[in-house]
Amino acid sequence: MHSARIVVTPENLLRPDVLALHAYHVPPASGMIKLDAMENPYILPQALRDEIARLVAGAAINRYPDAAAHQLKASISKVTNLPSGMDILLGNGSDEIIQLLAMAVAKPGATLLSVEPSFVMYRMIATFVGMKYVGVPLTQDFSLDLPAMLDAIKREQPALVFLAYPNNPTGNLFDAEAIKQIIQAAPGLVVVDEAYYAFASDSFIPHLAHYENLLVMRTFSKLGMAGLRLGFLAGSSAWLAQLEKLRLPYNVGVLPQLVAAKLLEHHDVLLAQAQSIKQERTKLFAALAIINGVQVYPSEANFILLRVAKATQIFEGLKQRSVLIKNLNGGHPALVDCLRVTVGTPEENIKFVAALQDTINQLA
Ligand code: PMP
């Protein structure tokens, strides 16, 4: 006899914490001036594009990639000035590395700690792997609240701490001395996430050897390779050799390996683009600061956080004018009426400022 089969639905099969998640939202952007995702707005010089085309044409895409990505890792170590004795682990974007780190430490009851507001994937990935997440509020001006951090570390004993340096979405660099105290107080790993390193004035890479529980994570997404999906984690081989066990063997494909290694041979081209983005950031900051009703926050990244009256209406008004930025209103309470705009090309930035002014005038 067959018993009646119970209908399998997502609701009765999946973990309740997965059902409760909201998917990371990526809005459609076709035809828009795209200033929502911290991409590098510049394309590559034609000669370099031709070189890449030839490389791709000759690539052995019928074969699995080099699982150890020897050549790419060597290029990364070189352009990063990795201190001797330090190793790297590659990820399919740094998102994947956050997930891998969380998986590695997710013993029952383990805690992932970060600050709020910060990069939302820290919290989301903690949920993915069943870790407890603790977000310590930043101060009013978005700096680290060191006493609160030290208290939380003592109380929660986090296995993993993430600090984005510079922070997303606030754009500021935290106080380096405060971070050092956090690293020393933490009973687990502290990962300094330098996604925006190319636009910032400081890095923790030179400090890697000083702290046995420090790892530094970077991505090439903001430097012109968002479409390749490539991030890396730098640290001692004692940690990385263990973490390597959790890395899926072919997580970085043949084409990303090949193209990224070629681009890193031309690191100067990318750094020059980052340099113009920094100059544009200064100009954009100044242009925004003189608009009535706009509060601008200083940034060491390739985006700027601003607070306006009626952020959601302004976001919609910009969208109607074909400019896509990020609306942070309705997310974290500290980001009420906040918007985040990625620094674009000079033309894009001018169009954005004009569209913003126009929208504000219309709403007044
Ligand atoms: N860390 C921070 C702080 C970020 O802002 C981002 C991207 N928004 C990432 C990591 C992930 O970048 P990717 O997966 O493209 O490497």
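Author: Let's start with Tyr196, where a polar side-chain atom sits 2.6 Å from an oxygen atom of the ligand. That's a polar contact (a pair of N or O atoms within 3.5 Å). This is a predicted model, where local features need pLDDT of at least 70 and side-chain atom pairs pLDDT 80 or more, while totals for chains, interfaces and linings use all residues. Residues are numbered from 1 along each chain as its sequence is written, and side-chain values use heavy atoms, leaving out hydrogens and water.

Reader: Which oxygen distances do Thr219 and Asn168 show?

Author: For Thr219, a polar side-chain atom is 2.6 Å from a ligand oxygen; for Asn168, the distance is 2.8 Å. The protein covers 93% of the 400 Å² of accessible area the ligand has on its own (Shrake-Rupley method, 1.4 Å probe).

Reader: How many residues surround the ligand?

Author: Count those with a heavy atom within 4 Å. Here there are 14, with Ser94, Asp193, Tyr196, Thr219 and Ser221 the closest. The shell holds 5 nonpolar, 5 polar and 4 charged residues.

Reader: Is Leu13 buried or exposed?

Author: Buried means under 20% relative accessible area, exposed over 50%, and partly exposed in between (1.4 Å probe, protein chains only). Leu13 counts as exposed because its relative accessibility is 61%. Leu13 belongs to helix 1, residues 10-13 (a DSSP run of H or I, at least four residues).

Reader: And where is Arg63 found?

Author: Look in the loop between helix 3 (46-57) and helix 4 (70-80). Arg63 has 59% relative accessibility, so it counts as exposed. Its C-alpha atom is 8.1 Å from that of Val254, 191 residues apart along the chain.

Notes
A polar contact is a pair of N or O atoms within 3.5 Å; within protein, one must be able to donate a hydrogen and the other to accept it, and residues adjacent in sequence count only if both atoms are side-chain atoms. Ala, Val, Leu, Ile, Met, Phe, Trp, Tyr, Cys and Pro count as nonpolar, Asp, Glu, Lys and Arg as charged, and the others, Gly among them, as polar. Helices (H or I, at least four residues) and strands (E, at least two) are DSSP runs, numbered from the N terminus.
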